[in-house]
Amino acid sequence: MSAVMLSEWGGELSVDTVTQPEPGPNEVRIAVRACAITRTVENAIQGGLSDDPSLLPRIPGHEFAGVIDAVGTMVSSVAPGDRVLSYFYLTCGMCQACRQGNRNQCTDFDGWVGVNCDGAYAEYATIPAANAIPIPDECSFTAAALAADGLATPLHVCERANVTDSDTVLILGGAGRIGIHLSQLAASRGANVISADVNQTQLTHIDEMTGSAVETVDASRDDFADQVQHATSYTGGPTVIVDTVGDINTIKDAWDLLGMGGCLVTLTTHHDRSFAPPLKQFIYTETSLIGSRYATSDQVIRAAQMFADNRINHVVRDTVGLDEVPAIHAQLRAGETFGTTMLTPR
Ligand SMILES: [Zn+2]
């Protein structure tokens with residue numbers, strides 16, 4: 001089969017012909033129909049999740065959906081022909097967090113699809129059966145791929161921060177796939193939504209994809225803080241700020257904008273970035289700083305159902321084949337693209 005290969009963490013991708021994988025006893029093989037090409041995968045390629053050389057060579061790509069093609073001898077939960085998406089994390093299923101349904105907090109965590117096992121920049125991908133989650137008939141493969149992370153992660157954020165119609169939500173990095181789907185989701189929960197990004201092309205993309213429910217502000221302008229304060233004059237600043245970018249200066253600026261009792265949610269996993277406000281600020285303003293880590297299986301399933309019901313629009317900028325994947329990653333690396341490009345390998 002054809003696949004995109006990574007031979008060195010931080011190295012170049014190549015498109016090669018490799019042996020079609022066979023599922024182990026507890027695994028399934030999926031004929032990949034759609035896989036999102038994202039900044040999260042680029043971070044994994046750069047060694048941002050693991051840089052263990054023993055994991056190479058590796059096929060990246062984790063945000064995908066397809067049709068089960070073969071199952072291992074011990075698998076009974078799904079069968080060939082089932083339409084499924086893939087859960088991103090490799091989890092134990094036995095620890096207290098897994099037992100309680102908080103699979104994203106697994107304490108016997110085994111890594112990530114596309115990092116610790118081969119992913120879906122390929123015609124076929126083999127993953128643990130526990131990671132293959134059936135999708136509704138009405139959910140397209142493209143939407144299902146995005147549900148697996150692009151909407152499930154925003155859903156986890158909204159539930160972590162308890163976003164309601166009394167909130168004003170400011171999203172940093174609004175034109176990315178997390179930002180675009182989070183802004184729609186927060187608006188659907190009744191929140192006033194302000195989406196920030198750094199150039200007119202990206203702001204126009206947000207406007208076109210989210211409509212009048214979402215206000216845009218240019219985070220690159222010197223008067224960014226004034227724009228946000230103007231847009232939130234009746235709440236004294238955003239009550240929820242979600243950082244999808246990880247730029248420390250922007251996070252510091254955002255923290256200063258946070259309204260009384262507000263909450264800053266970070267999704268940043270870069271190893272060397274930290275931010276520590278003075279403790280007394282937490283007291284005087286009852287603000288909170290929280291992390292949000294991926295999503296539970298239940299949130300992934302509910303995300304797919306929201307797309308299937310057209311309650312949220314799935315947003316894809318472009319669709320490409322396997323041969324074009326290395327060039328898309330070069331663009332991601334150079335910061336020349338945003339939103340989601342979808343791989344359809346067959
Ligand atoms: Zn576990």
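## Strands that pair

Two strands count as paired if DSSP finds at least two bridges between them. With that in hand, welcome to this predicted model. Strand β8 and strand β11 (residues 240-243) run parallel and are joined by four bridges. Within this pairing, V169 is found opposite V240 of β11.

Strand β8 also has a partner in strand β9 (residues 192-197), again in the parallel sense, this time over five bridges. Here V169 faces V193 in β9. To get from β8 to β9, the chain passes through helix α4 (residues 177-188), and this β-α-β crossover is right-handed.

## Inside strand β8

Let's take a closer look at β8 itself. Strand β8 spans residues 168-172, and five of its five residues are buried, so the strand is largely enclosed by the rest of the structure. Side chains in a regular strand alternate between the two faces of the sheet. In β8, T168, L170 and L172 point one way, while V169 and I171 point the other way, and all of them are buried.

## The zinc site

Next comes the metal. Which protein atoms are the donors of the zinc ion? They are the SG atoms of C92, C95, C98 and C106, which lie 2.3 to 2.4 Å from the zinc ion. Along the sequence, these donor residues follow the spacing C-x2-C-x2-C-x7-C.

The site of the zinc ion is tetrahedral, with angles of 105 to 119° among its four donor atoms. For comparison, the ideal angle for four tetrahedral donors is 109.5 degrees.

## A threonine in a loop

Now for a single residue. T38 sits in the loop between β3 (27-37) and α1 (39-45). Is T38 buried or exposed? T38 is buried, with a relative accessible area of 3%.

What does T38 touch, apart from its neighbours within four places in sequence? T38 is in contact with H62, E63, Y121, R177, H329 and L332.

## The annotated domain

Finally, here is what the record says. An unreviewed UniProt entry carries the annotation "domain: Enoyl reductase (ER)" for residues 10-343. In the model, this span is 30% helix and 21% strand, and the C-alpha atoms at its ends lie 21 Å apart.

Technical notes:
Residues are numbered from 1 along each chain as its sequence is written. This is a predicted model: local features need pLDDT of at least 70, side-chain atom pairs count only at pLDDT 80 or more; totals for chains, interfaces and linings use all residues. Side-chain values use heavy atoms; hydrogens and water are left out. UniProt positions are given in the numbering used here, feature names are shortened, and annotations may be inferred rather than shown by experiment. Helices (H or I, at least four residues) and strands (E, at least two) are DSSP runs, numbered from the N terminus. Buried means under 20% relative accessible area, exposed over 50%, partly exposed in between (1.4 Å probe, protein chains only). A crossover is right-handed if, with the strands pointing away from the viewer, the path from the first strand over the helix to the second runs clockwise. Donors are N, O and S atoms within 2.8 Å of the metal (3.2 Å for Na, K and Ca); water is not among the atoms, so sites may look incomplete. Four donors count as tetrahedral if all angles lie between 85 and 135 degrees; four count as square planar and six as octahedral if opposite donors are over 155 degrees apart and all others between 65 and 115; anything else is irregular. Contact means heavy atoms within 4.5 Å.
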